[in-house]
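Good morning, and thank you for the time on today's agenda. Please look at the sequence and the structure first.

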Amino acid sequence: CEPILTVPPTPHLKMEALNKQITALQDELDLKVFRPLQKRAFDASSKCCDGSKSSEQFQACLQRAGQETQHAEHAVMQELQAFQGRVQRCMMQCQDRAQTLVESKGVEKAQEAMEKCAENDCAKFYAKELAATGAKLVKQFKP
């Protein structure tokens with residue numbers, strides 16, 4: 001599976017940890033949710049070949065077989081994209097705050113403030129939120 005979401009790259013440990021946590025969640029969802037759903041869809045699809053269905057019935061059977069997987073993939077993608085949007089908005093707020101410091105404290109102090117905000121306000125908070133989001137998604141869609 002290709003990564004669905006990433007956090008803007010930064011050299012800082014908490015942001016790196018958040019990126020690793022995102023990758024781990026994607027791997028967990030793949031193993032615990034999507035592969036079992038795909039297996040069920042493949043099994044159901046193979047049963048569509050049994051009997052003497054018309055071409056229309058056969059196509060409808062195949063479509064029904066994959067609906068559960070498609071629904072789960074869509075819902076998980078939406079949830080992870082919403083999460084990514086929240087992380088990006090947090091980072092933008094940090095950038096906005098730092099921008100206001102440039103004139104009064106200089107670029108170096110503003111950069112330090114931006115990094116501190118990104119690490120403490122964004123990465124730390126959203127790492128906790130991602131754990132809860134991941135548990136909810138696995139519970140909701142695990143077959």
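In which helix is Q26 found? Q26 is found in helix α1, where helices (H or I, at least four residues) and strands (E, at least two) are DSSP runs numbered from the N terminus.

Before I continue, the conventions. This is a predicted model, in which local features need pLDDT of at least 70 and side-chain atom pairs count only at pLDDT 80 or more, whereas totals for chains, interfaces and linings use all residues. Residues are numbered from 1 along each chain as its sequence is written, and side-chain values use heavy atoms, with hydrogens and water left out.

To return to Q26: is this residue buried or exposed? Q26 has a relative accessible area of 12% and is therefore buried; the term means under 20% relative accessible area, with exposed over 50% and partly exposed in between (1.4 Å probe, protein chains only). The C-alpha atom of Q26 lies 9.8 Å from that of V76, although 50 residues separate the two along the chain.

Next, the packing of the helices. Two packed helices are described by the angle between their axes and the distance between the axes. Here axes are lines fitted to C-alpha atoms, for helices over the stretch in contact, and angles run from 0 to 180 degrees between N-to-C directions.

Helix α1 covers residues 13-48 and helix α2 residues 55-105; their axes are 8 Å apart, at an angle of about 170°. That angle makes α1 roughly antiparallel to α2, since angles over 145 degrees count as roughly antiparallel, under 35 as roughly parallel, 65 to 115 as roughly perpendicular and the rest as oblique. The contact of α1 with α2 comprises 19 nonpolar, four polar and three charged residues. For these classes, Ala, Val, Leu, Ile, Met, Phe, Trp, Tyr, Cys and Pro count as nonpolar, Asp, Glu, Lys and Arg as charged, and the others, Gly among them, as polar.

For α2 and α3, the axes come within 8 Å and cross at roughly 165°, so α2 is roughly antiparallel to α3. In the contact of α2 with α3 there are 23 nonpolar, three polar and eight charged residues.

How are α1 and α3 oriented to each other, parallel or antiparallel? Their axes are 9 Å apart and the angle is about 10°, which means that α1 is roughly parallel to α3. Their contact has 17 nonpolar, three polar and five charged residues.

I turn now to the interior. A nonpolar core is a set of buried Ala, Val, Leu, Ile, Met, Phe, Trp, Tyr and Cys residues joined through side-chain atoms within 4.5 Å. The largest such core has 29 residues, of which L29, V76, F83 and F141 touch the most other members. Two or more residues come from each of α1, α2 and α3 (107-141), and α3 gives the largest share, 11 residues.

How many aromatic pairs does the model contain? The count is two, with rings of Phe, Tyr and Trp (its six-membered ring) paired if their centres lie within 6.5 Å; planes under 30 degrees apart count as stacked, over 60 as edge-to-face and the rest as tilted. F83, F125 and Y126 form one aromatic cluster.

Q70 lies in helix α2 and counts as exposed at 51% relative accessibility; the C-alpha distance from Q70 to L37 is 9.3 Å, across 33 residues in sequence. E103, also found in helix α2, is exposed, with a relative accessible area of 79%. The C-alpha atoms of E103 and V33 are 50 Å apart, and the two residues are 70 apart along the chain.
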